[in-house]
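My notes follow below it.

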Amino acid sequence: MINLYCLECNKKLKNIQISNKRCICDSSRDISQDISIQKDISIKIKNLFTKRKNIEKLKKFEYGKTIIPLSKSTFSSEEIIESMQSHLSTYLTMGTKVGLFEKSFSKYLKTKSSIAVTSGSTANSLALAILSSPMVKNHLKPGDEIITTPLTFATSVYPIEDIGCKPVFVDIDLETLNIDEKKIEKSITNKTRAIMPVHLLGIPCKIDKIKAIAKKHNLFLIEDAADSSGAEYKGKKLGSFGDISTFSFFYTHIMTTIEGGMVSTNNKYFAELAKSKRAFGWIRDLKDKKKIEKKYKNIDPRFLFITKGFNFKPTEVQGAFGMHQIKKLDSLIDARRKNANYWAKRLAKFEEYLIIIKEMKNTKYAWYGYPIIVKEEAPFSKNQLIKFLNSKGVQTRPILSGNIDQQPVAKELNYRKQKLTNATLVNDNGFFIGNHHGIHKIAREAIAGYFEDFFNQYEVR
Ligand SMILES: Cc1ncc(COP(=O)(O)O)c(C=O)c1O
């Protein structure tokens, strides 16, 4: 069953409207044609995807030859049909579908509000713009310090500087590749105002401990969960622990809206501010806009700006994708966990030379990629292992932006650096291979086989 929309007003049609062939936006117009067009096109799109799936099933996996890519698209006919309907109605700017996606995301995460934006990067910019807004009590100010991890994606860090704050890099824990919570308290000064942990590659930080530190020192807690949609720590979804959290739905992520992101929070005031700042700082999307309008009678309420803002508005296409992706999220994660747990067992015999990341008890990792770190004492280099895997068709990449302290851009950044031994090790000796729903039993086993072939070659057992 597909959702049906009125192609005049882009509103989802209720059963009663479908049977009466009339939408409430125009009772004089027969909507039969709207319905038949949507049904006809959707059948054709579904057939195309079914055919594609069947062809893929017939493809034989060749050991050592078949390419195992870093990512595979997570969408199918449902997302295309839902977004096609917005194209037909010509309503493509932020509207009904973005709203439906936001509601379902909050319900899934068990947070009060979610605000969709254009990317994980803009989600971070928006979250920090909220916490530094003069409209927020005890807001962040220029010169304040924010404790974070050096091992992340570059745009977890830039937005901290964009609001005039100083990133303070605390080294990572090799068990999780995330900020080492044991080192956080030593880095707190009288300038520290926030902690921004990143749940790297879908691997949870020890977020309960970090939350306790934030509470003890009265610090804001911002979770960058860009890689971790759907992952859990002690039964709670990542991104539901902090004052505010951010997500990325880029094409290669656990779920996708192609480009896209989300800010989520339990703070209703932050949510309203986010809705305003996402759209230039105007009031159109606010709950109490009528009250604000009354205060400024001389200003056209459609163009009434109450705070500095951006244009981070997603389109209906992103909303349409998100509505379906959220329903698929758990099964996408299950496929990734099956691979990772299998590899953890098969590769355990190589732990003398490799750091293998394993799920902590009482957690659910989302596994955006499967990381491998070559230990310093190994008789081979990271590049030798990568070259071997690549020669067998296994694609690899660095662990996000590596240790940002080692990137040339670091020269432009004003941060407080501490000893970053583990982040440097992961930067120099780490990489990840793809881990996604497209890697089935045969490919999963083949990957473990390639590691064994490599170790046999080096006579390491
Ligand atoms: C931890 C982290 N934060 C932020 C981002 C930025 O997300 P986007 O690519 O959607 O802008 C990424 C991207 O991969 C990321 O991994």
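In which hand of crossing does H5 pass H6, left-handed or right-handed? H5 passes H6 in a right-handed crossing, where right-handed means that the near helix is turned clockwise from the far one by less than a right angle, and left-handed that it is turned anticlockwise.

Before the rest, a word on conventions. This is a predicted model, in which local features need pLDDT of at least 70 and side-chain atom pairs count only at pLDDT 80 or more, while totals for chains, interfaces and linings use all residues. Residues are numbered from 1 along each chain as its sequence is written, and side-chain values use heavy atoms, with hydrogens and water left out.

**Helix pairs**

Back to H5 (residues 120-131) and H6 (residues 154-162): their axes come within 9 Å and cross at roughly 30°. Helices (H or I, at least four residues) and strands (E, at least two) are DSSP runs, numbered from the N terminus. Axes are lines fitted to C-alpha atoms, for helices over the stretch in contact, and angles run from 0 to 180 degrees between N-to-C directions. H5 and H6 are therefore roughly parallel to each other (angles under 35 degrees count as roughly parallel, over 145 as roughly antiparallel, 65 to 115 as roughly perpendicular and the rest as oblique). From H5, Ser 121, Asn 124, Ser 125 and Leu 128 meet Thr 155, Ser 156, Pro 159 and Ile 160 of H6, contact meaning heavy atoms within 4.5 Å. The residues of this contact divide into three nonpolar, five polar and no charged (Ala, Val, Leu, Ile, Met, Phe, Trp, Tyr, Cys and Pro count as nonpolar, Asp, Glu, Lys and Arg as charged, and the others, Gly among them, as polar).

H10 and H13 (residues 441-457) pack at about 30° with axes 10 Å apart, and their crossing is right-handed. Among the H10 residues in this contact are Tyr 342, Trp 343 and Arg 346, with Arg 444, Glu 445 and Glu 452 among those of H13. By class, the contact of H10 with H13 has four nonpolar, two polar and five charged residues.

The axes of H2 and H3 come within 10 Å and cross at roughly 145°; H2 passes H3 in a right-handed crossing. The contact includes Ile 41, Ile 45 and Phe 49 of H2 and Ile 80, Ile 81 and Met 84 of H3. Its residues comprise eight nonpolar, four polar and one charged.

**Pocket and cavity**

The largest pocket holds about 1,300 Å³ of space. On a 1 Å grid over the protein atoms alone, a pocket is an open set with protein on both sides within 12 Å along at least five of seven lines, a cavity is a set of points where a 1.4 Å probe fits but cannot get out, and lining residues have an atom within 4 Å of a point. Grid points are joined across faces, edges and corners, and a volume is the space filled by probe spheres set on the points. Of the 33 residues lining the largest pocket, Glu 56, Lys 72, His 437, Gly 438 and His 440 lie nearest its centre. H2 gives the most to this lining, with seven residues. The lining divides into eleven nonpolar, eleven polar and eleven charged residues.

There is one cavity of 30 Å³ or more, and the largest cavity has about 40 Å³ of space. Its lining includes Phe 101, Phe 249 and Gln 318.

Best wishes
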